[in-house]
Every structure is written in C-alpha cells, then in structure tokens.
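The structure comes first, and the points follow by topic.

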Amino acid sequence: MNEIAIAGLVMTGIAGFFGVVLALANRFFRVVEDPRIDVVEGKLPGTNCGACGEPGCRSFAEALVKGASVPGKCTVSTPAAIEDVASVLGVDADFQEKRTARLHCAGGKSAVRRLADYQGESSCRAAFVVNGGGRACSWGCLGLGDCDVVCTFDAIHMNDEGLPVVDVEACTACGDCVDVCPLDLFTLEAVSTEIIVQCSSPLAGEGARLACEVACDACGRCALDAQEGAVEITGGLAVVRSPSRATEECTFRCPTGAIAVVHGDQFQEMELTQLRRSRHA
Amino acid sequence: MTHAGTTEGLPSFSHGVHPEEHKGATESLPIERMPFVSHYVLPLAQHIGRPSKCIVRPGQHVQRGERIADPNGFVSTALHAPVTGTVEAVELRPHPNGKLAESIVIAIDAFASQEMQEPQKPEGGAGGPNGSSRIDGFVRRVQEAGIVGLGGAAFPSHVKLQVPEGKKVTTVVLNGCECEPYLTCDHRVMLEDADKVVRGMRLIMQQLGAAHGYIGVERNKSDAIETLRAALSQNDSQNDSQKGSIEIIALQVKYPQGAEKMLIDAVLHERVPAGGLPLDLEIVVHNVATASAIADMVENDTPLIERVITVTGDGVRRPANVVVPLGTPIAAVLEHCGGLKPEARQVILGGPMMGVAQKELDVPVVKGTSGILALTQPQRVVGEQPCIRCGRCLDACPMFLNPARLAQLVRNERAEGLLSHHVMSCFECASCSFVCPSHIPLVHLIRVGKAMARKVAVP
C-alpha cells in the first residue's frame with residue numbers, strides 16, 4: 001500500500017514538473033502566427049506546383065497575407081476559390097492573364113531527317129548528352145517525353161509524331177517542362193498570343209530545310225508581311241517581338257509553316273492532316 | 001585479356017577493368033600517310049576551352065601550315081591550314097560532338113606543291129634577355145602551334161607547360177598506356193618516333209624545371225618499352241649536360257590506366273585529392289604523341305596540322321594506322337582504308353570505352369580524334385535488367401564512387417544527392433557500364449547526372 005502511494009506521488013510530481021515547464025515554454029517561446037495564413041492555405045489547391053513563383057502553397061499563403069503577392073497569381077485554382085481568398089484577405093483578386101507552355105519546334109517524326117538510331121536510355125536528357133539523338137537537326141524536339149513525365153497536371157501528351165502537345169486547359173504554366181527540356185524548347189506564353197514560331201534552328205536557307213521540312217529557313221517573308229517591328233529575323237530565326245501587333249497575315253506566305261497561328265492546343269492541324277491522310281489510304 | 005596473366009605484379013592503380021584488347025589488327029602495321037582529299041573542314045572548337053578566333057575570309061588563299069585562327073584567351077589554341085588551298089566558307093558544319101559548329105572549309109589547290117609554309121619566326125619572346133620571358137615565349141609558341149593533348153581530351157598543352165605562380169613541378173609523367181581497346185596509334189608513335197618522344201619529354205621537363213621524368217607504358221607494348229629505353233640511353237649519351245632523370249616504367253595492362261590520375265597512382269603511388277589537379281602533387285602529365293608534336297614544333301617549326309589515328313574494328317575492310325591531315329572527313333579516311341563492310345552498324349570516334357558514336361560520316365578528324373572504330377553488331381544484346389546489388393561497379397570504379405547509387409539518384413532526379421555522392425569526380429571511363437551484369441547504362445546515366453548537378457550548382 002505504502003509503495004503504491006510513493007509511486008503515485010512520484011508520478012504526480014513528475015507530471016506537475018513537466019506541466020510547469022511546458023506552461024513556461026508556451027509563455028516565453030511562443031511564436032505568434034497570423035491565423036489567416038492557415039485559412040488562406042486551406043482555400044488554395046495544395047498542389048505545390050510553383051506557378052505563382054513561390055516554392056509551395058504554404059509560402060504563397062504567407063506571401064498573400066504579407067501582401068507580397070496577389071491571389072490571381074494562382075493559376076491552378078478556380079476563379080470562385082480565388083475570389084474567396086481575396087475576400088478573406090480583403091484585397092482585389094487581380095486575375096492574371098492565363099499563360100501556357102508553348103513548344104518552339106514542330107519537327108515530328110515525319111518532318112525531320114533521321115541520320116542514325118538512338119537506342120540508349122529513353123529520356124531526352126540522356127539522348128542529349130550523347131550526340132543529341134539521331135536527328136539531323138541539333139536544336140529540335142527529341143521526342144522522348146521528359147516533359148510528359150515531369151508534368152504534374154497531366155497536361156502534356158506525346159502525339160503520334162512524337163511531339164508533346166500541351167493541353168491549354170490543364171496547363172498551369174508552372175514551368176516544370178521549361179526547366180526539364182534539355183533543348184529549352186518551351187516558353188510560357190499568354191494564351192492570347194496566337195502567333196507562335198514553331199522552330200528553334202538557327203540555320204538559314206537550304207541547310208535548315210534539308211534537316212527538317214518544317215524548319216524556319218529565315219526567308220524573312222513573315223517579317224515583311226507583319227506590321228513594322230512586330231516580327232523580326234534574328235539569328236536565322238523569326239522572332240515575334242510584339243505579340244499584340246503580330247497578326248495572322250504574317251503566317252500566310254511562310255513556305256514551311258514554321259510560323260503558325262495557334263488557337264488552343266498546338267499541332268491540331270497536324271493531326272487533322274494525318275487523319276485526312278489515313279482516310280485517303 | 002591476353003596479357004593480364006603475365007603482367008601481374010607490375011605496378012598499377014586500384015580498381016579498373018580488363019576489357020579485351022583487340023589491338024592485334026593494327027599494332028604491327030607501320031604508320032602510313034593519308035593522301036590528300038578535295039575538301040577539309042576545320043571546326044574552330046577542336047580543344048577544351050574557348051574556340052579559336054577565325055582570321056581568314058572566304059576566297060582567301062592559304063598555304064599548308066599557315067595560321068587560319070588565333071587563340072581566343074589563355075585556354076585556347078591556334079589553328080593552321082592542313083593543306084594549301086582556298087578558304088571556301090566559314091559556316092556551320094557537323095562536328096564530332098554531334099552538333100553543328102562554326103568551321104573553316106578549305107578546298108585543296110590541286111596543282112599546289114603542298115610544301116609547308118616557310119617557318120614563321122616566333123614574334124618576340126624567344127631568346128629574350130631575361131629567363132622568364134624566354135619561358136613565356138616557349139609557352140606561347142606551343143599555343144601558337146595549336147598543340148593540344150593528343151590522348152583524346154584535347155586539352156591545350158601550353159596550359160600544362162606554364163607553372164602557375166606559387167607552384168612548382170618536380171615530376172613529369174608521360175602517358176604511353178593507350179589503355180583503350182582497339183587503339184594503337186600511340187603504340188606506333190612510340191615505336192617509330194621513340195627518339196622524338198624522348199626529345200619532347202626533355203623539352204617539357206626543361207620548360208617546367210622538373211627533375212624527374214617517367215614514361216608509363218603498359219606491358220603489352222614491350223617492343224615500345226625496349227625502343228624507348230634504347231632511344232633514352234642514346235639521347236643520354238649524346239647530351240651529358242642534360243639535367244633530370246627519365247625512367248621508362250612497365251605497367252600492368254588495365255583500363256583506364258591512361259587517365260592522368262590513375263597513371264600517377266600507377267607510376268608514383270600517389271593519389272590526386274578529389275577535385276584536385278596533379279599540379280597539387282607537383283606533377284604534370286602529358287601524352288607521348290603530344291611530346292612528339294612538341295619536339296616537331298621546336299625542331300622543324302611544324303604546327304599541329306596532322307595526327308596519327310587508328311582505323312580499325314570488324315566493320316572496316318583494311319584496318320590501319322594513318323597520319324591524317326586535320327579536317328579530313330572520316331568518310332574519306334574510311335574509304336582510304338577500303339571502306340566500310342556492309343555489315344558495319346556503328347562508327348565511333350575514339351576508343352570503344354570513351355569514344356563518341358557518330359550519326360553521320362561527314363564529320364572531320366579533329367585534334368582529339370585518336371581513332372575511327374567501325375563495329376558490326378550492337379555491343380549490347382540483352383536488354384537492361386534490374387540492379388542485383390552485386391557491387392561489381394564499385395570494384396571497377398577507379399575513382400571509388402558508387403555508380404549504381406548514382407544511377408539510382410539520376411533516375412529519381414535527386415541532384416543534391418548526386419553532388420554529395422561526388423558525381424563530378426566521375427570522368428566517364430565507362431568501367432562501371434562495362435562490368436554491369438544487368439546491362440544498366442551506368443555511365444550514360446551518370447553523364448545525365450553531371451548535367452543535372454551542374455544545373456543545381458550554377459542556378
């Protein structure tokens with residue numbers, strides 16, 4: 001009986017001691033955190049994609065509460081959820097223009113000349129370190145789909161031509177494909193930018209066309225047809241200098257189709273042509 | 001592995017592998033001269049470092065041995081016309097590295113005599129009043145002669161002939177291992193130009209102020225070892241005043257003994273610290289063919305306009321060791337050697353372990369090309385299997401890395417992990433891929449990993 005009493009007293013004593021330590025720790029080491037951070041984070045999609053420019057949703061929530069960012073920078077969430085976040089914080093939603101990844105190459109299997117077989121590791125970055133695969137063009141898409149693998153939102157799919165097609169609806173412009181592509185073929189463009197140069201080869205003239213049927217050979221017709229300064233030829237390649245002033249007239253005379261009008265997803269016409277071809281056959 | 005049994009007990013480095021040698025086809029063939037062809041393509045980037053600066057214009061007439069590009073910075077060298085002819089264009093042409101590179105295209109003048117240009121007197125420097133400017137003059141002469149390491153890496157040689165301030169060099173090691181299977185060009189140079197190799201070695205030692213010199217040669221080239229020893233004793237008896245001792249060291253036959261860090265371990269039993277240079281141990285390593293080129297430059301004022309390459313493999317009709325002017329398209333070299341057999345499937349520039357497979361035959365022979373290898377069947381028959389944790393790659397890696405772990409990190413995109421596992425110490429000798437029983441492309445994955453790690457290190 002006596003031993004049980006001692007044990008009970010010792011345990012109570014220990015519990016009391018740590019209770020006091022914890023109470024003091026709570027008093028002196030307390031970190032005050034804005035409760036709104038948790039609320040805002042709860043309303044964000046939680047994908048940690050990085051499209052807003054922050055490393056994850058938690059730090060985006062912190063930035064929002066601090067006023068360092070705007071709710072509209074989250075391109076993954078629905079407009080209603082963003083309005084919700086904005087109303088919690090009492091700020092303007094400030095919707096950003098939707099952006100999407102665009103591929104600057106249209107050199108699919110049937111367009112680009114093939115010089116050799118690549119049989120190594122099936123990854124663009126692996127093919128890139130050994131002679132850049134077997135294609136005649138050293139700047140174009142290798143077609144092994146590293147961007148397809150890296151995309152968190154399942155927005156990139158390889159088409160029959162071996163080119164990655166970005167689903168504009170699903171794309172959040174997080175930039176993972178831009179980082180992973182060893183040839184730097186992706187850029188993030190506003191969806192309203194419809195004139196896209198689908199080639200990255202600095203070759204001009206015959207050299208470019210010999211390597212790939214759809215290469216920009218720097219003939220300069222697009223630059224002539226566009227408004228003054230909207231499209232330029234720099235380094236053997238057409239460059240859209242001012243997306244708002246470049247209109248579809250500049251694509252009409254392109255002999256290879258390297259500069260194209262893109263509504264929605266890229267390479268749709270290519271698939272249509274293929275469909276037509278297959279029906280003919 | 002013909003000689004592996006007989007070379008045990010000889011000095012070597014730790015780890016490494018014993019690939020089959022395949023040197024029999026060409027090791028006893030004397031070096032022959034490649035006839036001139038109609039066009040030569042000279043990429044401005046033929047060495048490690050900044051590409052040379054082109055100083056000729058299309059339409060300009062150039063003479064054999066005339067300088068056509070200047071060094072662009074210290075780690076860069078000059079480039080010379082390999083033939084007398086007319087500059088046809090300066091444009092992008094296929095380079096052995098698989099990309100298109102700015103190149104000077106020279107059309108040969110069919111009626112020219114192909115005499116070398118009159119030796120150009122080195123501008124200033126040489127024989128100057130005080131010692132230091134004389135030394136700088138020698139380094140500049142090597143740079144202006146366009147000499148690079150002829151072992152394969154093509155690192156500008158003059159950089160390794162300049163002792164940085166606060167450092168000194170006591171030992172020069174000459175690399176005569178030629179550990180890559182199939183290749184025999186260095187072997188033939190040691191046999192046919194042994195005295196030139198020794199004279200070049202003397203020049204290098206004199207320039208660096210080194211007291212000790214070693215030439216490391218693998219035991220499977222015993223004729224080369226004897227010839228070099230004879231040339232050495234003759235050279236010594238002719239010039240009694242020469243300072244410094246040179247010794248020929250017979251080494252075990254093992255790959256990758258020709259890598260400079262392995263060679264230092266084999267010859268001197270010293271280890272270069274991770275991330276360090278041989279210079280940290282007061283050692284400098286050059287290739288035997290480079291020494292011969294330096295002797296040529298000093299004695300005959302010849303810039304580097306041609307090199308010895310080995311053309312071999314089951315896929316080529318007449319294997320040979322050939323002196324080829326730089327810029328010759330490899331298609332022309334193969335044609336000179338009887339052409340490709342119809343069953344040839346792969347053409348590799350360099351050896352089978354570290355060489356680069358080519359996608360077209362329009363690429364030219366550059367300063368770093370040590371051989372053209374035509375193989376008939378794919379070397380890998382079975383596909384990749386899972387890693388069975390056998391640890392053979394760990395026993396093979398001469399840098400004591402863990403290739404299987406590195407490959408795993410690459411597949412999981414763990415760039416930081418790669419750095420902490422010293423991925424940058426890998427010099428891509430491919431010993432790990434060679435021994436892997438599961439045919440995992442280890443060295444290929446590690447190369448991808450090095451690119452990943454570079455991206456993290458330099459954001």
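A residue counts as buried when its relative accessible area is under 20%, and as exposed when that area is over 50%. The model shown here is predicted.

- B:Ile104 is part of strand β8 of chain B, which spans residues 100-108.
- B:Ile104 counts as buried because its relative accessibility is 0%.
- The residues that B:Ile104 touches, apart from those up to four places away in sequence, include B:Tyr40, B:Leu42, B:Cys54, B:Ile68 and B:Val90.
- From the C-alpha atom of B:Ile104 to that of B:Asp223 the separation is 40 Å, and the two residues are 119 residues apart along the chain.
- A:Ser138 sits in the loop between α5 (124-129) and α6 (146-150) of chain A.
- With a relative accessibility of 15%, A:Ser138 also falls under the 20% limit and therefore counts as buried.

**A mixed sheet in chain B**

- An open sheet of six strands in chain B has the order β1-β14-β13-β17-β15-β16, with mixed pairing.
- Its edge strands are β1 (32-33) and β16 (356-357) of chain B, each of which pairs on one side only.
- Strands of a sheet pair through backbone hydrogen bonds, in a parallel or an antiparallel sense.
- β13 (residues 306-312) and β17 (residues 371-375) of chain B are a parallel pair joined over three bridges.
- B:Val311 has B:Ile372 of β17(B) as its bridge partner.
- Helix α3 (residues 185-192) of chain B lies across β13 and β14 (320-325) of chain B, at about 125° to β13(B).

**The interface of chains A and B**

- Chain B contributes 22 residues to the contact and chain A contributes 20 residues.
- About 1,600 Å² is buried between chain B and chain A, and 51% of this is on carbon and sulfur atoms.
- On the chain B side, the most area is lost by B:Leu100, B:Lys359 and B:His444, which together account for 37% of what that side buries.
- Two salt bridges are found across the interface of chain B and chain A.
- A salt bridge joins the side chains of A:Glu121 and B:Arg411, at 2.6 Å from N to O.
- Six residue pairs are in polar contact between chain B and chain A.
- In chain B, β16 and α13 (442-457) are the elements that give two or more residues to the side touching chain A.
- α13(B) gives the most to that side, with six residues.

Notes: Residues numbered from 1 in each chain as written. Chains lettered and ligands numbered in written order. Predicted model: local features only at pLDDT ≥ 70, side-chain atom pairs only at ≥ 80, totals over all residues. Heavy atoms only, no water. Pairing = 2+ DSSP bridges. Helix = DSSP H or I, 4+ residues; strand = E, 2+ residues; numbered from the N terminus. Contact = heavy atoms within 4.5 Å. Axes fitted to C-alpha atoms, helices over the stretch in contact; angles between N-to-C directions. Buried < 20%, exposed > 50% of the residue type's maximum accessible area, 1.4 Å probe, protein only. Buried area = accessible area lost by both parts, 1.4 Å probe. Salt bridge = Lys/Arg side-chain N within 4 Å of Asp/Glu carboxyl O. Polar contact = N/O pair within 3.5 Å; in protein donor to acceptor, adjacent residues only side chain to side chain.
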